[in-house]
Amino acid sequence: MQMDRTRKIPLVSLLFNMVYSTYHIIFGIATRSWWFFTIGIYYAILSIVRFVVLGHKGKKHFVIRFTGIMLMVLSISLIGTVILAFVKDRGTEFPLIVMLAIAVYAFTKITLATIKWIKAQKSKSAKLITLRNISFADAFVSIFSLQRSMLVSFEGMSEIEIRIMNVATGSAVCIIVFLLGLNLMQQKSLIKRK
């Protein structure tokens, strides 16, 4: 029996996120970087949420509520990374080729999340709607990580300007992830009515 495309792509994404989160956790421990460690934990939790959404066969209300709550909790935990970005860890400097790879990765994520959003607009599927919001939560944190590394890898901004940009972008990401969770809680009530 062949797996349909709507399940295959999220499963590949789940596997990739698990590897990506493991890399961040190990790198964070090895370099004693709280930033990499907390981002690794963030991606690990997001992978678990994606796994629950893909594997859940019961009521769709549970999937939507669970994902909405988890995204709101994750947005609150991201506040810690924003504080770290200001107080302690302003970003990791990488060579140009690594920065290009990170940029391609981040923009690929945002593009795929946008495609999922367009598909989910036409769909009433609870799984598609939740996977769309998870993809955006994943993509926006990648953009935040990219920005942090770019600011220290390329010259042009002072230390305080870098810290202010990190706080501004990080705060925006926290708000967006919270709103993605809130959106799912509102979707839950819409689906209940149908």
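This is a predicted model: local features need pLDDT of at least 70, side-chain atom pairs count only at pLDDT 80 or more; totals for chains, interfaces and linings use all residues.

**Entry 1: one residue to start**

I picked Ala 120. I find Ala 120 in helix 4, which covers residues 96–122. Is Ala 120 buried or exposed? Its relative accessible area is 3%. Buried means under 20%, so Ala 120 is buried. I then listed its contacts, leaving aside neighbours within four places in sequence. Ala 120 is in contact with Leu 128, Ile 129 and Arg 132. I also checked a C-alpha distance, from Ala 120 to Asn 133. The two atoms are separated by 9.7 Å, for residues 13 apart along the chain.

**Entry 2: the chain as a whole**

I stepped back to the fold. I count 6 helices and 0 strands in the protein chain. Read along the sequence, the pattern is α-α-α-α-α-α. The protein chain has 194 residues, and buried residues make up 44% of them.

**Entry 3: helix 2 against helix 3**

I turned to helix packing. How do helix 2 and helix 3 pack, at what angle and with their axes how many Å apart? I get an angle of about 175°, with the axes 11 Å apart. That makes helix 2 roughly antiparallel to helix 3, because angles over 145 degrees count as such. By class, this contact has 17 nonpolar, 3 polar and no charged residues. On the helix 2 side I noted several residues, including Trp 34, Trp 35, Ile 39, Tyr 42 and Leu 46. On the helix 3 side, Phe 62, Phe 66, Met 70 and Leu 74 are among them.

**Entry 4: helix 3 against helix 5**

Helix 3 and helix 5 pack at an angle of about 10°, with their axes 9 Å apart. The two helices are therefore roughly parallel to each other. Here the residues of the contact divide into 11 nonpolar, 4 polar and 2 charged. From helix 3, Lys 60, Val 63, Ile 64 and Thr 67 are among the residues that take part. Helix 5 gives residues including Asn 133, Ile 134, Phe 144 and Arg 148.

**Entry 5: rings**

I searched for aromatic pairs. The structure holds 10 of them. I opened the pair of Tyr 20 and Tyr 43. This pair is edge-to-face, at 5.0 Å centre to centre and 75° between the planes. Tyr 20 lies in helix 1 (residues 5–31) and Tyr 43 in helix 2 (residues 34–55), so the pair ties together parts that are 23 residues apart in sequence. Tyr 20 is buried, and Tyr 43 is too.

Then I opened Phe 62 and Phe 66. Their pair is stacked, with 5.7 Å centre to centre and 15° between the planes. Both sit in helix 3 (residues 60–87), 4 residues apart, which means a separation of about one helical turn. I noted Phe 62 as partly exposed, at 41% relative accessibility. Phe 66 also counts as partly exposed, at 22%.

I also traced how ring pairs join up. Phe 16, Tyr 20, Tyr 42, Tyr 43 and Tyr 105 are linked into a cluster. What lies over the face of Tyr 20? I found Lys 109 there, at 5.0 Å from the ring centre.

Asp 138 is found in helix 5. At 3% relative accessibility, Asp 138 counts as buried. Leaving aside neighbours within four places in sequence, Asp 138 is in contact with Asn 17, Tyr 42, Tyr 43, Leu 46, Arg 50 and Lys 109.

Ser 142 has its place in helix 5 as well. Its relative accessible area is 2%, so I logged Ser 142 as buried. What does Ser 142 touch, not counting residues up to four places away in sequence? My list reads Tyr 43, Tyr 105, Ala 106 and Lys 109. Tyr 43 and Lys 109 are also on the list for Asp 138.

Technical notes:
Residues are numbered from 1 along each chain as its sequence is written. Side-chain values use heavy atoms; hydrogens and water are left out. Buried means under 20% relative accessible area, exposed over 50%, partly exposed in between (1.4 Å probe, protein chains only). Contact means heavy atoms within 4.5 Å. Rings of Phe, Tyr and Trp (its six-membered ring) pair if their centres lie within 6.5 Å; planes under 30 degrees apart count as stacked, over 60 as edge-to-face and the rest as tilted. A charge sits over a ring if NZ of Lys or CZ of Arg is within 6 Å of the ring centre and within 35 degrees of the ring normal. Axes are lines fitted to C-alpha atoms, for helices over the stretch in contact, and angles run from 0 to 180 degrees between N-to-C directions. Angles under 35 degrees count as roughly parallel, over 145 as roughly antiparallel, 65 to 115 as roughly perpendicular and the rest as oblique. Ala, Val, Leu, Ile, Met, Phe, Trp, Tyr, Cys and Pro count as nonpolar, Asp, Glu, Lys and Arg as charged, and the others, Gly among them, as polar.
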